[in-house]
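Thanks for coming, everyone. I have one structure to show today. Please look at the screen and follow along.

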Amino acid sequence: MVQITQLKYLQKIAELKSMNKASAALFVSQSNLSYAMKQLEDELNLEILVRTNKGVALTEAGEELLQYADNVLKQMELIENMGSQKKKQILSISGYWSVAYTSAICEFLKNNKKNFSEIVLEGARIDNVMRNIERGHMHVGLIHFTQYQRHIIKRKLKNMNLIYEQLCKDTWYACVGPNNPLYNRKSVQAEELMAFPFIRAKDDFVASIGIANTVIGDVKLADFPKEIFCNDSMTGLRLIQDTDAFRFTPGCSCTDYEKNGLHTMPIEGNDVSVSIGWIHRKDREVPKLEQEFISYLKEYFHKIEMRDAKNDL
């Protein structure tokens, strides 16, 4: 069986390119070092080292083994230091992002600079967000979906042993840039939007259900003739800013889009209901830092709802 000590010896020999120098650095005799390397070669049935005029060199197999050895020794170092190091405070979130989520995360981080040492934010479609949480890759998932997707979402949550907690209800608005003729309109009909490219992410299974069944006003979402598939939020933003393309967005994101020079407006006859919320594993406790973030998120969306209600008066 390969020993950790043998891998450490190999690493030092590769670094110094000399058996003599390596034995001195490792405080072992050269004969013991040579014997350990011979045992390693016999164990793996590989030639690892060759002697040269300049000392010793790794064979091709030896170079490959060194890569594995480096990874193993790094992992061993982490294991050995587990008890002596302060546990990292990691905020890990998988999200089907909206601009509102991103703004909420930015505000949370500005107010909690000292509370974390690592942040992992992964953008994904709803299917993958659910899978990330189910497999324990992330602790919290952020999603939003319409009434046309509710049934399939509910079924998938049950099958994956996940819990969904709603943050707020919303609806879709149209978002356009200054190059779109509808830019100064107070409201728009869905039929008018069909003249322009519709920006959306490429479908996963959940999204395909939504696209096939969603009706805005009297128009089916699947009937929009011009589409731009874009999974990158920044590219999507620039496309709206610089072309006549548009996208549908939850109302909670309207203020953030307008800060970037875009215009959002209600869609006449629209009865699309959007549920915005978060998911987590039923059988696992949500870590403290994620709990703090969710508490902040609840306050954040409550403020948006209060602001929108005031604007409607």
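Start at Thr52. Thr52 sits in strand β1, which covers residues 49-52. This is a predicted model, by the way. Is Thr52 buried or exposed, or in between? Thr52 counts as partly exposed, at 40% relative accessibility. Now look across to Ile267. Along the chain, Thr52 and Ile267 are 215 residues apart. Their C-alpha atoms are separated by 77 Å.

Next, the sheet. Five strands form an open sheet here, in the order β4-β3-β5-β14-β6. The pairing is mixed.

Zoom in on one pair. Strand β5 is residues 140-146, and strand β14 is residues 274-281. They pair in the antiparallel sense, over 6 bridges. Find Ile143, and opposite it you see Gly277 in β14.

Two helices to point out now. Helix α5, residues 99-111, packs on the sheet. α5 touches β3, β4, β5 and β14. Helix α7, residues 150-159, packs on the sheet too, touching β5, β6 and β14. What angle does α7 make with β5? The direction of α7 makes about 150° with that of β5. For α5 and β5, the angle is also about 150°.

On to the core. The largest nonpolar core has 45 residues. Which of them touch the most other members? Phe248, Phe293 and Phe301 do. Helix α12, residues 288-312, gives the largest share of this core, with 8 residues. Take Phe301. Leaving out residues up to four places away in sequence, Phe301 touches Ala100, Tyr101, Leu167, Cys168, Cys252 and Ile276.

Last topic, the cysteines. A disulfide is a covalent bond between the sulfur atoms of two cysteines. How many disulfides does the structure hold? The count is 0. Cys106 is in no disulfide, and the nearest cysteine sulfur, in Cys252, is 15 Å away. Cys106 is partly exposed, with a relative accessible area of 44%. The cut-off is within 2.5 Å. Cys230 is buried, with a relative accessible area of 10%.

That's my tour. Thank you.

Conventions. Residues numbered from 1 in each chain as written. Predicted model: local features only at pLDDT ≥ 70, side-chain atom pairs only at ≥ 80, totals over all residues. Heavy atoms only, no water. Pairing = 2+ DSSP bridges. Helix = DSSP H or I, 4+ residues; strand = E, 2+ residues; numbered from the N terminus. Contact = heavy atoms within 4.5 Å. Axes fitted to C-alpha atoms, helices over the stretch in contact; angles between N-to-C directions. Buried < 20%, exposed > 50% of the residue type's maximum accessible area, 1.4 Å probe, protein only. Core = buried A, V, L, I, M, F, W, Y, C linked by side-chain atoms within 4.5 Å.
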